[in-house]
Amino acid sequence: MPPTIHYPHISIEFCTACKWNLRAAWQVSTYAQELLSTFSTELGEVSMIPSSGGTFVVRLTENAQSEEVIIWNRKDNNGFPDSKDLKRLIRDVLFPMRDLGHVDRHAKKDTSVEMAPATHNDVGTNATKEQLVKAAVATTEDLISDDGGDVCNDCNMP
C-alpha cells in the first residue's frame, strides 16, 4: 500500500553531503516550522527529502491531480531563499489573495528593493499557477540570502 500524501504537499529536498549541510538542515527545519506556523492546517504536509549533488529544491503539489511546481531551486536561483520570501512564494501559488501581515508590510516599507507579492493582478486575472510562480520568483531574485557561487567541497557542485 503506497503511503498517504496530504495536500497541499511541500517537499524540501536538500544535499546532505555539502559543506553547507548544517546550514541547509537548519534552514530546512526553519522553513518547515515557518511554513507550518504561517499556513497551519491549510498545508497538508511539509516533507524533508535528503539528497546529494548540491541539491536544494522546494516543490509544491497542490492536490493529487496537479503537477508538482518548483517553488525554489538553489542552482537556478543562485542560493537559498529567506523564510519570508519562501512564504510569499507559496502564498502566491496557494492563496494569492491572502495577506501575510508583517511579511507583506515589511516588503512594502523596504525602499531599497522594489518588491511586491506576485498576485493575479501582476500576471492577469486568468493566471495559471505556473505564471504565478514565475512572477513570484522574478520578484524575489534580488533578495537571495546566499550568493550561491560557492562550490561544494564534497559534491564539487556549484
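Q: Is arginine 59 buried or exposed?
A: Arginine 59 is buried, at a relative accessible area of 17%. Buried here is under 20% relative accessible area, exposed is over 50% and partly exposed is in between, with a 1.4 Å probe and protein chains only. Bear in mind that this is a predicted model: local features need pLDDT of at least 70, side-chain atom pairs count only at pLDDT 80 or more, and totals for chains, interfaces and linings use all residues. Residues are numbered from 1 along each chain as its sequence is written, and side-chain values use heavy atoms, with hydrogens and water left out.

Q: OK, what does the side chain of arginine 59 meet in a salt bridge?
A: Glutamate 13, at 2.6 Å from N to O. A salt bridge means a side-chain nitrogen of Lys or Arg within 4 Å of a carboxyl oxygen of Asp or Glu. That pair links distant parts of the chain, with arginine 59 in strand β3 and glutamate 13 in strand β1 (residues 9-15), 46 residues apart. Strands are DSSP runs of E, at least two residues, and helices are runs of H or I, at least four, both numbered from the N terminus.

Q: And glutamate 13, buried or exposed?
A: Glutamate 13 is buried, with a relative accessible area of 15%.

Q: Which residues are linked with Arg59 in a network of salt bridges?
A: Glu13 and Glu68 are in that network with Arg59. The closest N and O atoms of glutamate 68 and arginine 59 are 3.2 Å apart. Glutamate 68 is partly exposed, at 47% relative accessible area.

Q: How many salt bridges does the count come to?
A: Six, by this rule. One of them joins arginine 88 to aspartate 85, again with closest N and O atoms 3.2 Å apart. Both lie in helix α3 (residues 83-94), three residues apart, about one turn of the helix. Arginine 88 is buried at 1%, and aspartate 85 is buried at 0%.

Q: Switching topic: what is threonine 55 in contact with?
A: Leaving aside neighbours within four places in sequence, threonine 55 is in contact with Glu13, Phe14 and Cys15. Contact means heavy atoms within 4.5 Å. A polar atom of the threonine 55 side chain also lies 2.7 Å from the backbone oxygen of serine 52.

Q: Last one: where is valine 46, and what does it touch?
A: Valine 46 is in strand β2 (residues 45-51). Not counting residues up to four places away in sequence, valine 46 touches Ile10, Ile12, Ala32 and Leu36.

Technical notes:
Polar contact = N/O pair within 3.5 Å; in protein donor to acceptor, adjacent residues only side chain to side chain.
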